[in-house]
Amino acid sequence: MKKILVTQRVEKIKKLRENRDNLDIRMSKFLEKLSFLPIPVPNGIKNIKLFVNNLKPSGVVLSGGGDPRIKDQRRKTENYLVEYCLKNKIPIIGICRGAQLLNIIFKGSIKKVKNHVNKKHQIFGELVKKKKIYVNSFHNFGLNEKILGKNLKIIAFSKDGNIECFIHKKFKIIGIMWHPERNNKISKIDSKLFKSLF
C-alpha cells in the first residue's frame, strides 16, 4: 500500500490555550478507498526531514482549509514538503488551499472570487473534454490565467474563467480547486487524477 502524506490545518483553541493539528476525517477515508495509506503530517515537529525520510512516501496531499498566504507553522511544513518532493521527484496534489499554495510557490498569486462557496458548477477544458462534469466549490480565493504561476498549465476551468485544475509542465504536480473528499462517493475524475499521479 502506497504511503501518502497529508498536511493538516492548525486550529487555535483559545479556551484550552492549544494549537491543534486538524484534518477532515473524510480525507483519510477518501484516500483509503483509493487503496492508499494516508499519513497526517504533524506541524511543529523539530525534524521534519527525519520524519519524511523514515516514511519514504509515494506522494503528498496539500489539504484544503485556510489562507495559504499566512506564514505560520503549517506554511513552513508545507514549504518544506514541496521542496522535498521537487528534489526527490515525489508527486503532489494540492486541494483547494493546497492548489492556491502551489500557485504562490510557483510565483503566481490568488485573488478574491465570488459565487464559489458551497456551490456546484460545471468544469470545462482538456481534463473533461466533451463530458459534462460538475464539481463542488468551497473557496473564497481562486486564480485565473493572468495570475497563474510559472510552468503551470490549465486543464480545467469554470464558466466564469476561474481555474479549477492545473498541472505542472515539468513536475508531477496537480492542483484542484474542489474537495474530492467531500463527495458522497468517489467520482471517476477524482479516481483517475489520484491514481494516475500516485
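**Salt bridges, sheet and overall form**

Visitor: Which class does arginine 182 belong to at 26% relative accessibility: buried, partly exposed or exposed?
Guide: In this predicted model, the relative accessibility of arginine 182 is 26%. Buried means under 20% and exposed means over 50%. The value for arginine 182 lies between these limits, so the residue counts as partly exposed.

Visitor: What is the relative accessibility of arginine 20, the salt-bridge partner of glutamate 18?
Guide: The side chains of glutamate 18 and arginine 20 form a salt bridge, at 2.7 Å from N to O. Glutamate 18 is partly exposed at 32% relative accessibility. Arginine 20 also counts as partly exposed, and its relative accessibility is 37%.

Visitor: Which residue forms a salt bridge with aspartate 24?
Guide: Aspartate 24 is partly exposed, with a relative accessible area of 26%. The closest N and O atoms of the pair are 2.8 Å apart, and the partner of aspartate 24 is arginine 26.

Visitor: How many salt bridges does a search of the whole structure find?
Guide: Side chains of opposite charge can pair when their charged atoms come close. Salt bridges also link Arg74, Glu78 and Arg97 in a network. For the whole structure, the number of salt bridges found is seven.

Visitor: Which strands stand at the edges of the open sheet?
Guide: The sheet has nine strands with mixed pairing, in the order β4-β1-β5-β6-β13-β12-β11-β8-β9. An edge strand has a single partner, so one of its sides is left without a neighbour in the sheet. From one strand to the next, the twist averages 25°. The strands at the edges are β4 (36-40) and β9 (133-138).

Visitor: Which residue of β12 is the bridge partner of phenylalanine 157?
Guide: Strands of a sheet pair through backbone hydrogen bonds, either parallel or antiparallel. Strands β11 (residues 152-158) and β12 (residues 163-168) run antiparallel and are joined by five bridges. In β12, the partner of phenylalanine 157 is isoleucine 163.

Visitor: What angle does the direction of helix α3 make with that of β5?
Guide: Helix α3 (residues 73-88) packs on the sheet, where it touches β1 (2-6), β5 (59-62), β6 (92-95) and β13 (173-176). The angle between the directions of α3 and β5 is about 150°.

Visitor: At what angle to β6 does helix α4 run?
Guide: The protein chain has five helices and 13 strands. Helix α4 (residues 97-105) lies across β5, β6, β11, β12 and β13. Relative to β6, helix α4 runs at about 115°.

Visitor: What radius of gyration does the protein chain have?
Guide: The C-alpha atoms fill a box of roughly 45 × 40 × 35 Å along the principal axes. A compact globule of 198 residues would have a radius of gyration near 16 Å. The protein chain agrees with this expectation, having a radius of gyration of 16 Å.

Visitor: What percentage of the residues of the protein chain count as buried?
Guide: The accessible surface comes to about 11300 Å², with 51% belonging to carbon and sulfur atoms. Of the 198 residues of the protein chain, the buried share is 50%.

Conventions. Residues are numbered from 1 along each chain as its sequence is written. This is a predicted model: local features need pLDDT of at least 70, side-chain atom pairs count only at pLDDT 80 or more; totals for chains, interfaces and linings use all residues. Side-chain values use heavy atoms; hydrogens and water are left out. Two strands pair if DSSP finds at least two bridges between them. Helices (H or I, at least four residues) and strands (E, at least two) are DSSP runs, numbered from the N terminus. Axes are lines fitted to C-alpha atoms, for helices over the stretch in contact, and angles run from 0 to 180 degrees between N-to-C directions. Contact means heavy atoms within 4.5 Å. The radius of gyration is taken over C-alpha atoms; the globule rule is 2.2 Å times the number of residues to the power 0.38. Buried means under 20% relative accessible area, exposed over 50%, partly exposed in between (1.4 Å probe, protein chains only). Accessible areas come from the Shrake-Rupley method with a 1.4 Å probe; for residues, only the protein chains shown count as cover. A salt bridge is a side-chain nitrogen of Lys or Arg within 4 Å of a carboxyl oxygen of Asp or Glu.
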